[in-house]
Amino acid sequence: MQNRLKIETIEPQALTPMYALEVYLNSTDIEPSLKGLIKLNASIINKCAYCIQMHSTEARKNGETEQRIYALSAWQESPLFNETERAVLQLTEEVTLLSEQGITDLTYQKCITLLEEELTAQCIMHIVTINAWNRIALATKMSH
């Protein structure tokens with residue numbers, strides 16, 4: 001696969017807001033392991049090999065187990081994820097595939113119950129941001 005243009009070279013100022021979002025995301029109260037699951041799950045859904053590679057490597061460095069990384073693509077069937085992780089993984093799927101059904105009331109209420117409004121909002125911002133990065137990587141055929 002051949003790379004396409006490099007936005008960071010051609011239009012570096014276009015990525016400035018993306019990097020600013022990353023600064024904000026790094027300051028949120030969401031547990032690092034949950035941030036990693038969001039990034040990896042969205043990247044799997046979007047089939048972004050570049051981001052899957054990056055975020056699975058990052059997850060391992062942050063203590064995520066191989067077993068959970070492998071089970072992530074079938075998290076609904078796996079007992080390896082707790083109730084909060086399941087709610088956030090469902091939210092990640094629904095936001096990533098927003099045009100299919102939107103965010104269901106059940107998913108929204110589950111997240112609000114488990115995380116409250118502030119952390120749910122932070123999770124949504126994490127999901128939206130990784131989806132933007134996935135689209136940049138896929139549109140430009142970035143390779144790992």
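Guide: A pocket is defined on a 1 Å grid over the protein atoms alone, as an open set of points where a 1.4 Å probe fits, with protein on both sides within 12 Å along at least five of seven lines; lining residues have an atom within 4 Å of a point. This is a predicted model, in which local features need pLDDT of at least 70, side-chain atom pairs count only at pLDDT 80 or more, and totals for chains, interfaces and linings use all residues. Residues are numbered from 1 along each chain as its sequence is written, and side-chain values use heavy atoms, with hydrogens and water left out.

Visitor: Which helix gives the largest share of the lining of the second largest pocket?

Guide: Among the residues lining the second largest pocket are Asn26, Pro32, Lys39, Glu58 and Glu64. Helices are DSSP runs (H or I, at least four residues), numbered from the N terminus. Both α3 and α4 supply at least two residues of this lining. The largest share, six residues, comes from α3.

Visitor: Which residue forms a salt bridge with Glu58?

Guide: A salt bridge requires a side-chain nitrogen of Lys or Arg within 4 Å of a carboxyl oxygen of Asp or Glu. For Glu58, the closest N and O atoms of the pair are 3.7 Å apart. Glu58 lies in helix α4 (residues 49–61) and its partner in helix α3 (residues 32–45), so the pair ties together parts that are 19 residues apart in sequence. The partner is Lys39.

Visitor: Is Lys39 buried or exposed?

Guide: Buried means under 20% relative accessible area, exposed over 50%, and partly exposed in between (1.4 Å probe, protein chains only). Glu58, at 31%, is partly exposed. Lys39 has a relative accessibility of 14%, and therefore counts as buried.

Visitor: Which helix holds Lys110, the salt-bridge partner of Glu83?

Guide: The side chains of Lys110 and Glu83 meet at 2.8 Å, N to O. This pair links distant parts of the chain, 27 residues apart, with Glu83 in helix α6 (residues 83–96). Lys110 lies in helix α8.

Visitor: How many aromatic pairs are there?

Guide: Rings of Phe, Tyr and Trp (its six-membered ring) pair if their centres lie within 6.5 Å; planes under 30 degrees apart count as stacked, over 60 as edge-to-face and the rest as tilted. By this rule the count is one aromatic pair. Tyr19 and Trp133 form it, with 5.7 Å centre to centre and 45° between the planes, and the pair is tilted. Tyr19 in helix α2 (residues 16–26) and Trp133 in helix α8 (residues 105–139) are 114 residues apart, and the count remains one.

Visitor: Which helix gives the most to the lining of the largest pocket?

Guide: The lining comprises 26 residues, of which Tyr50, Cys51, Met54, Trp133 and Met142 lie nearest the centre of the pocket. Four helices, α1 (7–10), α2, α4 and α8, each supply at least two residues. With six residues, the one that gives the most is α8.

Visitor: How many disulfides are there?

Guide: A disulfide is a pair of cysteine sulfur atoms within 2.5 Å. Cysteine sulfurs Cys123 and Cys111 are 6.7 Å apart, too far for a bond. By the distance rule, the count of disulfides is zero.

Visitor: How far from Cys48 is the nearest cysteine sulfur?

Guide: Cys48 is buried, with a relative accessible area of 1%. Cys48 is in no disulfide; the nearest cysteine sulfur belongs to Cys51, at a distance of 3.4 Å.
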